[in-house]
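Open the model in your viewer and keep the selection panel at hand. The stops below go from the strands to the helices.

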Amino acid sequence: TTIHDYCKEINIPSPKHSFFDIRKFEDNAKTVNLKQPPFRHEFYAIALRNSGSNNEVNGSFLNSNLFFNSPYQIITWEIKPDWQGWYIIFDQEFISLNPSWQNFIIDFPFFRLDKAAPMNLPVEYTNFVNDIFEQIYNEYHSENKDKFLFIQNYTQLLLLITKRHFDNSILADISNQDNRATDILLVSRFQSLVETMLTDEDANSEIRQPSFYAEKLLVHPNHLNAVVKRITGKTATSIIQNQCIITAKSLLRQTNLSVKEIAYRLRFTEPTHFNSYFKKVTHLTPQQYREKHIL
């Protein structure tokens with residue numbers, strides 16, 4: 001559930017920051033597990049392989065140069081330590097730093113669980129993308145106080161290039177997919193809807209209830225919860241709660257709204273309910289969180 005734990009699991013050094021990391025494959029090769037049992041993590045990742053064997057990743061041989069991981073995707077590999085290239089990995093907190101990423105999964109569909117498939121970039125774009133990764137790497141390891149403003153913008157450019165070349169053939173008709181793919185699509189739609197509704201000014205307190213989303217998605221609440229649990233290992237309620245806390249953190253860091261205003265924006269009927277809700281998850285009151293993360 002943390003990038004630190006991810007690094008520990010695959011046997012590489014800890015990251016410099018909790019919400020974002022960038023690595024060179026050749027640096028990881030010194031210690032990384034060459035055979036990794038299946039596991040899941042809660043992050044987004046995008047990687048560029050410049051050279052190396054067509055190793056087995058997630059049960060098939062990877063022969064593409066650009067590939068992705070999405071939250072809750074099952075990951076496994078058996079590799080040779082000869083890859084050269086880059087990858088970045090980041091969590092929802094990093095996404096919340098950029099207001100333009102409010103509809104992240106909708107805007108960048110190649111990160112959706114049912115579409116996180118490898119692709120090949122043309123040579124001229126591969127060189128450009130390699131340069132972007134290098135710029136991100138240099139900023140990440142710099143002492144610049146504003147480095148994450150640059151990293152956000154370099155990452156945005158990387159995502160836009162990827163989106164331009166996203167293979168439309170991946171968008172297969174749902175009727176041709178198996179039951180698991182159908183479940184994955186439902187979870188992706190649920191996650192996108194949660195992100196959207198929590199910033200909808202016309203919403204009400206029902207946006208924190210799984211039954212609200214089940215009705216929107218035209219499924220029974222029990223079915224929605226069962227599918228979400230099967231795919232992510234979490235309940236629908238915990239997914240909603242996590243996104244609510246992420247949205248609250250973003251508003252506390254990036255706006256001058258009072259705690260009371262944020263509570264009402266997230267459709268809490270009483271600010272005290274919001275305070276209790278926030279503290280139960282973060283172990284800080286909203287005001288304590290704001291003071292700790294003030295710019």
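A residue counts as buried when its relative accessible area is under 20%, and as exposed when that area is over 50%. Keep that cut-off in mind for the next selection.

**Stop 1: strand E7.** Select residues 74-78, which form strand E7. Which residues make up its covered face? Ile75 and Trp77 do. The uncovered face holds Ile74, Thr76 and Glu78. In a regular strand, side chains alternate between the two faces of the sheet. Look for Gln36: it stands opposite Trp77 in E7.

**Stop 2: confidence.** This is a predicted model, so colour by pLDDT before going further. The mean for the protein is 84, and 89% of the residues reach 70 or more. Strand E1 (residues 20-24) has the highest confidence, at a mean of 94. Strand E5 (residues 60-61) has the lowest, at 58. Then select residues 171-177, where the pLDDT is below 50. Beyond near neighbours in sequence, this stretch has seven contacts in the model.

**Stop 3: the four-stranded sheet.** Show E1, E8, E3 and E6. In that order they form an open sheet with antiparallel pairing. E1 and E6 (66-69) stand at the edges, each with a single partner strand, so one side of each lacks a neighbour in the sheet. Neighbouring strands are turned by 15 degrees against each other on average, direction ignored.

Zoom in on E3 (residues 44-51) and E8 (residues 84-90). This antiparallel pair is held over seven bridges. Pick Tyr44: its bridge partner in E8 is Phe90.

Next, bring in the helices around this sheet. Helix H1 (residues 3-10) packs on it, touching E1 and E8. The direction of H1 makes about 140 degrees with that of E8. Helix H6 (residues 147-164) lies across E1, E3, E6 and E8, running at about 70 degrees to E1.

**Stop 4: Trp86.** Stay in strand E8 and select Trp86. Is Trp86 buried or exposed? Its relative accessibility is 8%, so Trp86 counts as buried. Leaving aside neighbours within four places in sequence, the contacts of Trp86 include Ile22, Phe25, Ile46, Leu48, Phe133 and Tyr137.

**Stop 5: the largest nonpolar core.** Nonpolar side chains tend to be buried together in soluble globular proteins. Here the largest nonpolar core has 36 residues. Select Phe190, Tyr213, Leu224 and Phe274, which touch the most other members. Helices H7 (179-197), H8 (210-216), H9 (221-232), H10 (236-254), H11 (259-265) and H12 (271-282) each supply at least two residues of this core. The largest share, eight residues, comes from H10.

Centre on Leu224. Leaving aside neighbours within four places in sequence, Leu224 is in contact with residues including Leu186, Phe190, Pro210 and Tyr213. Another core lies apart from the largest one; it has 33 residues, among them Leu48, Leu66, Ile132 and Tyr140.

**Stop 6: H10 against H12.** On H10, the contact is made by residues including Gln241, Cys244, Ile245 and Leu252. On H12, the contributors include Phe274, Tyr277, Phe278 and Val281.

Terms used:
Residues numbered from 1 in each chain as written. Predicted model: local features only at pLDDT ≥ 70, side-chain atom pairs only at ≥ 80, totals over all residues. Heavy atoms only, no water. pLDDT = per-residue confidence, 0-100. Contact = heavy atoms within 4.5 Å. Core = buried A, V, L, I, M, F, W, Y, C linked by side-chain atoms within 4.5 Å. Buried < 20%, exposed > 50% of the residue type's maximum accessible area, 1.4 Å probe, protein only. Pairing = 2+ DSSP bridges. Axes fitted to C-alpha atoms, helices over the stretch in contact; angles between N-to-C directions.
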